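Visitor: Please show the sequence and the structure, and then take me through the contacts between the parts.

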Amino acid sequence: MSANGGFEPKIIAFLCNWCSYAGADKAGGMQKPYPPNVHIIRVMCSGRVDPHFILSAFAQGADGVLILACHPGDCHYKEGNCRALQRHRLLSLVLQQFGIVSARCRMDYVSAGEGEKFRRIITEMVEVLRKREALPE
Amino acid sequence: MAGGGVKIGIYFCNCGSNIADKISADAVREASRTFPDQPYVATVDFICSESGQEQFVESLTFERPDRVVVAACSPRDHEGTMQHCLARGGINPYLMQMVNIREQIAWVTEDRDRATEKAITAIRGAVYRVRLQEPLRKKQVAVCTDVLVIGAGPAGMKAAVSLAEAGRSVVLVERSPFIGGLPVRFDELFPALECAPCLLEPLMGELLHGDHSEAIELLTLAELWQVTGFYGNFIAKIKKKPRHVSLHGCIGCGECTLACPATTRNRLHNNGSEQKAVDFAFAGMLPNAPFLREEVCLRFQGSDCRACKDACPMGEDVIDLDEGESLLERNIGAIIIATGAGLFDASRLAGMGRGMLPDVYDALQFEHMLSSTGPTGGGIVTSSGEVPAAVAIIHCVGSLDGDHCAYCSGICCQYAFKFNHAISAKYPETVITHYHRELVAPGKEAYALMEAARTRRNSSFIRCDSGNYPVITPEGTGRLQVRGEDVVTIADMVILCPAIVPAEGADRLAALLDINRDCAGFYDELQGRMDASQSTLKGIYLAGACREPMDIQKALLEGMAAVGHALAGLQPGRMIEVEPATAEVATSRCAGCHLCSSVCPYHAISFDSEQHVSSVNGVLCRGCGTCVAACPAGAITGHHFTNEQILAEIEGLLK
Ligand code: FES
């Protein structure tokens with residue numbers, strides 16, 4: 001809970017090492033604050049993100065999960081981000097069956113230069129989830 | 001996996017005030033009491049500085065932790081530095097996890113308490129993860145440092161000679177009977193109009209009889225047949241067609257050619273001259289030894305002719321009429337592909353008359369016409385033997401065209417200007433009309449030739465930007481009518497400048513080597529800008545126009561670039577190191593479903609059909625983890641990023 005008593009969502013974000021993690025570092029370099037609700041897990045490529053990780057994060061109380069990848073065509077392992085996208089699409093369908101709406105599990109692309117975009121994605125997602133409250137246990 | 005009682009050290013870098021201002025080390029220390037295994041927390045002022053590193057290493061040596069968490073800046077800045085410190089402190093570098101509390105927390109969180117809270121969460125995640133990290137070691141693999149070069153054009157020759165100079169053994173495979181590629185048959189090269197064979201001569205000399213040519217095994221009329229193995233340890237099978245003339249015994253006197261009774265039309269000369277069954281492909285060809293075309297030789301049509309053999313002044317052994325095809329096997333560590341390119345077949349464009357009208361030539365045919373060893377001895381004449389009063393040069397044939405070649409080949413305009421120059425030099429009165437979609441003259445040298453063509457009295461340029469190609473039709477008096485846009489001109493000769501396309505057989509070679517091609521069919525680079533000399537497969541390098549249309553200067557440079565990779569990667573007496581943070585299949589759990597190999601971008605996963613299991617080649621794997629996530633049986637471990645480690649990190653973050 002934040003100081004003002006409002007709901008503060010917890011977001012687990014999987015960032016690929018080469019573009020998105022660098023994009024988050026870039027946002028750091030700009031030294032402009034964004035909500036601290038996101039906890040970053042570094043993976044070499046978004047293609048490493050096993051749907052199981054996402055389910056496990058939700059099961060342990062995450063309010064949202066974010067996968068950030070290199071832009072299409074820019075993956076440092078050729079097509080890992082395409083795999084990630086395919087898996088994300090399928091998983092979104094499954095999650096909806098459990099009542100987890102798509103806003104809670106987002107995938108997006110952030111390049112090493114897009115610090116500003118990274119900030120925007122985090123800020124937006126936190127705002128959306130603040131309105132949605134916590135998932136039921 | 002680490003059991004209970006693991007000693008974990010958390011090293012907290014203040015980074016001057018960068019981190020300390022926003023995150024309280026004391027609060028972290030306090031919180032760490034609730035972490036599993038109760039880590040100790042040490043603070044360092046600037047852990048990346050020299051004194052910081054000393055302090056870190058000293059503490060590691062003193063404390064001897066089992067696992068280490070470094071909470072500091074981004075691992076992109078200093079993971080390597082920290083890993084080296086661990087190694088210096090006698091701890092396996094893979095037993096450390098870095099937490100980015102500067103870029104991703106201190107610098108981006110307004111409120112000090114919330115920054116501290118976020119840092120504690122992140123460090124807790126790292127502690128959970130690091131407990132499960134395992135010591136990993138780089139494996140060493142012995143390698144063969146010999147290199148296979150495919151294609152003896154400018155790029156391949158440069159590569160072979162330079163490798164030999166560096167002391168490497170080279171197998172140079174060339175499918176034609178001669179070396180030098182396409183340009184060795186040209187007369188002058190753009191942009192400076194130097195003589196092509198003269199420019200290539202020293203390089204060809206180095207290759208055939210230079211100080212290091214002993215180290216080069218040149219196989220002509222040869223093609224790669226099969227490749228097995230991987231980077232550092234390939235086995236190549238090469239199919240060699242019979243030349244019937246020994247490169248070692250032959251002195252190139254041509255007595256056999258004179259004596260040979262069988263003839264055929266010379267395709268290089270637009271069928272304008274004759275060739276013998278045993279003959280040179282063109283005058284001055286190297287190696288200076290003729291070859292025998294079985295499809296023309298009488299002996300292969302049932303006769304017992306041996307005129308060539310009898311005429312040879314060097315004895316019985318030079319010409320071997322019974323020589324058969326052979327399959328050679330060579331061990332090599334790396335492969336350089338330098339197979340060059342070809343021309344777009346302009347006969348695919350209806351209305352351009354290519355293949356129908358005898359005075360419509362493509363650029364290669366015109367190059368042969370310009371060559372002093374060509375069908376006209378360098379004379380520019382029409383099929384009826386006349387000097388052309390008007391010539392149309394048509395650029396961008398098949399280029400900049402989504403239906404054919406959706407790219408600009410970059411060199412056609414330049415040789416078109418060269419053609420303009422060559423015609424002008426001989427026949428200043430000949431009218432030349434250039435039809436083009438775009439005109440390009442990149443680089444520091446090309447403009448002069450373009451300007452010369454543009455300012456020439458009898459030259460004009462017509463821009464065709466409607467997307468339609470000029471239409472060429474016979475005109476009553478035996479001349480040609482060229483209609484481009486709405487302009488009609490009359491010409492005696494039309495020269496087409498078609499797009500540069502992948503060489504014939506590029507598809508077969510790609511399939512054989514398991515490397516990718518781009519949408520135009522050229523070999524695909526590992527990364528178009530950062531790693532353009534490497535193919536998608538480790539240890540297979542690309543040089544020259546097999547990768548992208550380019551001129552000779554660039555092809556030679558690319559030959560050297562590929563050599564750089566081969567020399568840097570494979571060194572005599574040095575093993576290659578295999579990154580340990582790669583994938584591994586637990587064969588006992590593998591169901592043999594092939595999903596992993598279908599998602600692997602590096603062809604690093606092979607299937608053992610006897611045991612019905614997949615396995616990952618550690619030399620080829622780059623550790624992306626896509627197969628790990630894909631395996632439905634959970635049979636693949638992505639070392640240093642295992643499921644257990646990542647799940648533990650998630651657990652730690654959400655506790
Ligand atoms: S490396 Fe960024 S998505 Fe694959």
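Guide: Domain bounds here come from an automatic or database domain assignment. This is a predicted model, in which local features need pLDDT of at least 70, side-chain atom pairs count only at pLDDT 80 or more, and totals for chains, interfaces and linings use all residues. Residues are numbered from 1 along each chain as its sequence is written, chains are lettered from A and ligands numbered from 1 in the order in which they are written, and side-chain values use heavy atoms, with hydrogens and water left out.

Visitor: What distance separates the centres of domain 2 of chain B and domain 5 of chain B?
Guide: Domain 2 of chain B is made of 147-241, 325-340 and 505-569, and domain 5 of chain B of 579-639. Taken over C-alpha atoms, their centres are separated by 32 Å.

Visitor: How much area do domain 2 of chain B and domain 5 of chain B bury between them?
Guide: Eight residues of domain 2 of chain B contact seven of domain 5 of chain B, contact being heavy atoms within 4.5 Å. Buried area is the accessible area (1.4 Å probe) that two parts lose on being put together, summed over both. Of the area buried by these two domains, 59% is on carbon and sulfur atoms, and the total is about 760 Å².

Visitor: Which residues of domain 2 of chain B lose the most area to domain 5 of chain B?
Guide: Together they account for 54% of what that side buries. They are B:Phe230, B:Leu537 and B:Lys538.

Visitor: How many salt bridges does the rule find across the interface of chain B and chain A?
Guide: The rule asks for a side-chain nitrogen of Lys or Arg within 4 Å of a carboxyl oxygen of Asp or Glu. B:Arg114 and A:Glu8 form one, with the closest N and O atoms 3.6 Å apart. Between domain 2 of chain B and domain 5 of chain B the count is zero, whereas across the interface of chain B and chain A it is three.

Visitor: How much area do chain B and chain A bury between them?
Guide: In this interface 41 residues of chain B are in contact with 45 residues of chain A. Carbon and sulfur atoms carry 58% of the buried area, which comes to about 3,700 Å².
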